Amino acid sequence: MAYTIRDVSRLAGVSTATVSRTFTAPERVSPKARQSVMEAARILNYQPNAIARSMARQQTERVAFLICKQGSGILDEFYAGICEGIMHEINASEYQLLISTAEEWEIVKQKQVDGVILGGQATPALVSEFQAQKIPIVLVNNEVQGTKLPCVLNDEEEGVRMAVRHLAERGHTKIGMIVGRLSPYIYGKRYDAFQKVMKELQLPVRNGYIRSSDPAVGTAAETAMELLTMEDPPTAVFGANDVLATGVIKAAIRLGRRIPEDVAVVGFDDSSVCGSLEPEMTSVHICKHEMGIRSARLLLELLKGAENGADLQVVPPRIVVRDST
């Protein structure tokens, strides 16, 4: 049972105002009353600090991290990495961290948080709801058009550049791509970056070499089968995420193609699946922990009164080379 300030006041035989002053301005409370309050708090295992500060500052001392990805849970591997970074910062502050998916979130209706980090495809309606309640917002792994909100992003273009350049350095000129029907932000960034980087490297984007697929291994494998059985197939394929790239490896094995001798494969995200495949898969590593740390720091700055400006922070990725290339 969670006891309240009223329970403490009843047990101590003082008013709730006296209980509040005991923890916020103890010099204004008599030694006898202060001792009674502290003893009652000890007996009830009452946690006075956060609640007392909340009463004094009209704040809840809580912030939230909401995962805005349809069908995703809080154990989603990508957002779990971001969450670890957020926890690292928030746990060192005076705030408590609440973690939920956007679909399950209800506390916001009652304005029980002081700030929120929205991960992924936050809808304009959700953003507007927080803004209407004057709750500070930080976005991570997404931008919302038409808003000027602080956000933390992976450098998508540089990540694609690393992947394509790596393949080109391995001697590949016929490079294909399977782009997933991911969030509009991620889809657009990685698709546009692929074409831009191919042009920078003076490599042709051949007709039929870019295919779209649902982000599922089975569907990606079917799409990759079509790509790899073209009359003049690519010798390397970039998957816009690791799930898609896994589908490429699966298709290549089915067709009896050697990896990387016949077809090289690069993924994006550097998820745990990369090391469990055979061959192990080269992938672009997103520094999710760092993204979480930065988003939490931005939110804490807002809660301390920093201006709610369009503070954009871009976290650089790196490529992890394995046997698939």
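## Surroundings of Ala64

Leaving aside neighbours within four places in sequence, Ala64 is in contact (heavy atoms within 4.5 Å) with Leu97, Leu98, Trp105, Val113, Gly115, Val116 and Ile117. This is a predicted model, in which local features need pLDDT of at least 70 and side-chain atom pairs count only at pLDDT 80 or more, while totals for chains, interfaces and linings use all residues. Residues are numbered from 1 along each chain as its sequence is written, and side-chain values use heavy atoms, with hydrogens and water left out.

Ala64 lies in strand 1, where strands (E, at least two residues) and helices (H or I, at least four) are DSSP runs numbered from the N terminus. With a relative accessible area of 0%, Ala64 is buried; buried means under 20% relative accessible area, exposed over 50%, and partly exposed in between, with a 1.4 Å probe and protein chains only. The C-alpha atoms of Ala64 and Val127, which are 63 residues apart along the chain, are separated by 13 Å.

Six strands form an open sheet in the order 2-1-3-4-5-11, with parallel pairing; two strands pair if DSSP finds at least two bridges between them. Strand 2 (96-101) and strand 11 (312-315) are the edge strands, each pairing on one side only. On average, neighbouring strands of this sheet are turned by 15° against each other, direction ignored.

Strand 5 (residues 151-154) pairs with strand 11 in the parallel sense over four bridges, and Val152 has Gln313 in strand 11 as its bridge partner. Helix 6 (residues 124-132) packs on the sheet, where it touches strand 1 (62-68), strand 3 (115-120) and strand 4 (137-140), and its direction makes about 170° with that of strand 3. Axes are lines fitted to C-alpha atoms, for helices over the stretch in contact, and angles run from 0 to 180 degrees between N-to-C directions.

## Strand 8 and its partners

Strand 8 (residues 236-239) is covered on both faces, with Ala236 and Phe238 on one side and Val237 and Gly239 on the other all buried. Strand 6 (residues 175-180) runs parallel to strand 8 and is joined to it by four bridges, Met177 having Phe238 as its bridge partner in strand 8. Strand 8 also pairs in the parallel sense with strand 9 (residues 264-269), over three bridges, and here Phe238 stands opposite Val266 in strand 9.

Angles under 35 degrees count as roughly parallel, over 145 as roughly antiparallel, 65 to 115 as roughly perpendicular and the rest as oblique.

The axes of helix 1 (residues 5-12) and helix 3 (residues 31-44) come within 8 Å and cross at roughly 120°, which makes helix 1 oblique to helix 3. From helix 1, Asp7, Val8, Leu11 and Ala12 meet Ser36, Val37, Ala40, Ala41, Ile43 and Leu44 in helix 3, and the residues of this contact divide into eight nonpolar, one polar and one charged.

Terms used. Ala, Val, Leu, Ile, Met, Phe, Trp, Tyr, Cys and Pro count as nonpolar, Asp, Glu, Lys and Arg as charged, and the others, Gly among them, as polar.
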